[in-house]
Amino acid sequence: MSPAVADEESNLLRNPGFESNLTGWTSGSGLIVTSPVHSGSKALRLRARSSGNQTAFQTVAVTGGTSGLGFAALGDDESAPIRPPTDH
């Protein structure tokens, strides 16, 4: 899959709200759900398991300037903090 490229002020992710299920995403075994959601009608449910973590990622091309990453996450347990991945 080729990296997404967009104009300034655009969302660089393909299908950022999972409205088209996992189109544009590389995901191990995440599940598309309709509740709870942050916005729109769908969300991706990832659960940490004792046998390993579930992931979802995209490769995004960024040229010059600055970029940022933001996401919304809902955790089931406050003792298990949610952190963005650092290796993708």
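What is the mean pLDDT of the protein, and what share of its residues reach 70 or more? The mean is 76, and 69% of the residues reach 70 or more. The model is predicted.

**Overall layout**

The protein has four strands and zero helices. From the N terminus on, the order is β-β-β-β. Strand β2, residues 31-33, has the highest mean pLDDT, at 91. Strand β1, residues 26-27, has the lowest, at 84.

Of the 88 residues, 12% count as buried. The accessible surface comes to about 7000 Å². Carbon and sulfur atoms account for 48% of that surface. Among contacts between residues at least 6 apart in sequence, 35% join residues at least 24 apart.

**Gln58**

Gln58 sits in the segment after β4, which spans 56-57. Is Gln58 buried or exposed? Its relative accessible area is 12%, so Gln58 counts as buried, the limit being under 20%. Beyond its neighbours within four places in sequence, Gln58 is in contact with Leu13, Arg14, Gly24 and Trp25. With one of these, Arg14, there is a polar contact: the Gln58 side chain reaches the backbone oxygen of Arg14 at 2.6 Å.

**Asn15**

Asn15 belongs to the segment before β1. Its relative accessibility is 15%, and Asn15 therefore counts as buried under the 20% limit. Setting aside neighbours within four places in sequence, Asn15 is in contact with Ser20, Asn21, Leu22, Thr23 and Trp25. Trp25 is also among the contacts of Gln58.

**Ser27**

Ser27 is part of strand β1. Which residues does Ser27 touch, not counting those up to four places away in sequence? They are Leu22, Thr55 and Ala56. Leu22 is also one of the contacts of Asn15.

The side chain of Ser27 makes polar contacts with backbone atoms. One reaches the backbone oxygen of Thr55 at 3.2 Å. Another reaches the backbone nitrogen of Gly30 at 3.4 Å. Ser27 and Gln58 are 31 residues apart in sequence. In space, their C-alpha atoms are 9.0 Å apart.

| Side chain | Backbone atom reached | Distance |
|---|---|---|
| Gln58 | oxygen of Arg14 | 2.6 Å |
| Ser27 | oxygen of Thr55 | 3.2 Å |
| Ser27 | nitrogen of Gly30 | 3.4 Å |

Definitions and conventions. Residues numbered from 1 in each chain as written. Predicted model: local features only at pLDDT ≥ 70, side-chain atom pairs only at ≥ 80, totals over all residues. Heavy atoms only, no water. pLDDT = per-residue confidence, 0-100. Helix = DSSP H or I, 4+ residues; strand = E, 2+ residues; numbered from the N terminus. Buried < 20%, exposed > 50% of the residue type's maximum accessible area, 1.4 Å probe, protein only. Contact = heavy atoms within 4.5 Å. Areas by Shrake-Rupley, 256 points an atom, 1.4 Å probe, with all protein chains shown as cover. Polar contact = N/O pair within 3.5 Å; in protein donor to acceptor, adjacent residues only side chain to side chain.
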